[in-house]
Amino acid sequence: MPITSPEQCSNKVLSQRVCQLPAHLEGQPPLVRHWCQACLPPFCAKGIAVEKLREVARGEWCSKVNVFATCERCAKRHDTCLPVEPTFRRCFNILTFYIMRAKRYDATRRPEADDAWAEVHAYAVAVNQGMIHWRSEIKRLQKLDGGELEYARQRSASRENNFARYQQGLGGVGRMMPTNFVAHERMEAHFTRVDNSGNPAPGSATNRERRWYYYGPNTPDHVAPMSRDNSRQFAPGSPVGSDILRALTDDTRMQNSPH
Ligand SMILES: [Zn+2]
Ligand SMILES: [Zn+2]
């Protein structure tokens, strides 16, 4: 069954293998809601007032009904509705999180509501700039690699080989690119900050939210590393085991006997 809400995601600690992947191998989460590229700029307008941001985020702020559909904003302008580039899906998810949080603060009349909207704007601007720079970087690399085809071949070499190479402790090959763009390190750290035992740091996203918005809903749980099997040494009948047992019983007998 597909996971359709954050409540359905596991809230267990995430696998360390997932958290420790290098940037260009990290999994891409699916979008948590429909978005198109044209519905981002309205959040980025220079000097936009908080009230205007609230208006942009009212109702459906991108009305796509599926990934191939055209949203109202694009239909009105007779424009093609461009889907979100996979590299930016995580960014759009994080933006969704911050928009929902600002709306929640509004609903509960929290004094931080205006600041939350200012953060939505700051993050949207960072994502938009990132998309512009990313497109020109791809063009530059395609030129460097001698055309779109060779660039695509280099990317495919990376995708095919690098996970196996990483597991073997070898360096990557091909044209390595981050699988997810990082638009704003501080705001995204909300999803990655952990304490020493791998649990979310206080005030950070829960494991459930980290799965839903950041790593992808099916990200595996942390499985404890195989502990050194020392059950043998304490098995009943083995020299150490029986000595301990005997010592314990002797102790108990002494404590319980009247003397
Ligand atoms: Zn749209
Ligand atoms: Zn659109």
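Predicted model: local features only at pLDDT ≥ 70, side-chain atom pairs only at ≥ 80, totals over all residues.
The protein chain contains nine helices and zero strands, and its order along the sequence is α-α-α-α-α-α-α-α-α. The chain has 259 residues, of which 21% count as buried. Among contacts with a separation of 6 or more, 67% join residues 24 or more positions apart. The mean pLDDT of the chain is 87, with 86% of residues at 70 or more. In residues 228-259 the pLDDT is below 50, and this stretch makes nine contacts in the model beyond near neighbours in sequence.

The largest nonpolar core comprises 37 residues. Within this core, the residues with the most contacts are C36, C91, L95, Y98, V120, Y123 and V127. Helices α4, α5 (113-144) and α8 each contribute at least two residues to the core. The largest share, eight residues, is supplied by α4. When residues up to four places away in sequence are left out, L95 touches Y123, A124 and V127.

Helices α4 and α5 also pack against each other: their axes come within 8 Å and cross at roughly 165°. Because angles over 145 degrees count as roughly antiparallel, α4 is roughly antiparallel to α5. The crossing of the two helices is left-handed. On the α4 side, the contact is made by C91, I94, L95, Y98, I99, R101, A102, Y105 and D106. On the α5 side, the contacting residues are A113, A116, W117, E119, V120, Y123, A124, V127 and G130. An α-helix has 3.6 residues a turn, so residues three or four places apart point the same way.

Helix α8 spans residues 207-215, and seven of its nine residues are buried, so the helix is largely enclosed by the rest of the structure. The buried positions are N207, R210, R211, W212, Y213, Y214 and Y215. The elements covering these buried residues include α1 (16-19) and α4 (89-107). After α8 comes G216, which has a positive phi near 110°.

Notes. Residues numbered from 1 in each chain as written. Chains lettered and ligands numbered in written order. Buried ≥ 20, exposed ≤ 12 C-beta atoms within 10 Å, placed from the backbone. Helix = DSSP H or I, 4+ residues; strand = E, 2+ residues; numbered from the N terminus. Contact = placed C-beta atoms within 7 Å. Core = buried A, V, L, I, M, F, W, Y, C linked by C-beta atoms within 7 Å. pLDDT = per-residue confidence, 0-100. Axes fitted to C-alpha atoms, helices over the stretch in contact; angles between N-to-C directions. Parallel < 35°, antiparallel > 145°, perpendicular 65-115°, else oblique. Left-handed = near helix turned anticlockwise from the far one by under 90°.
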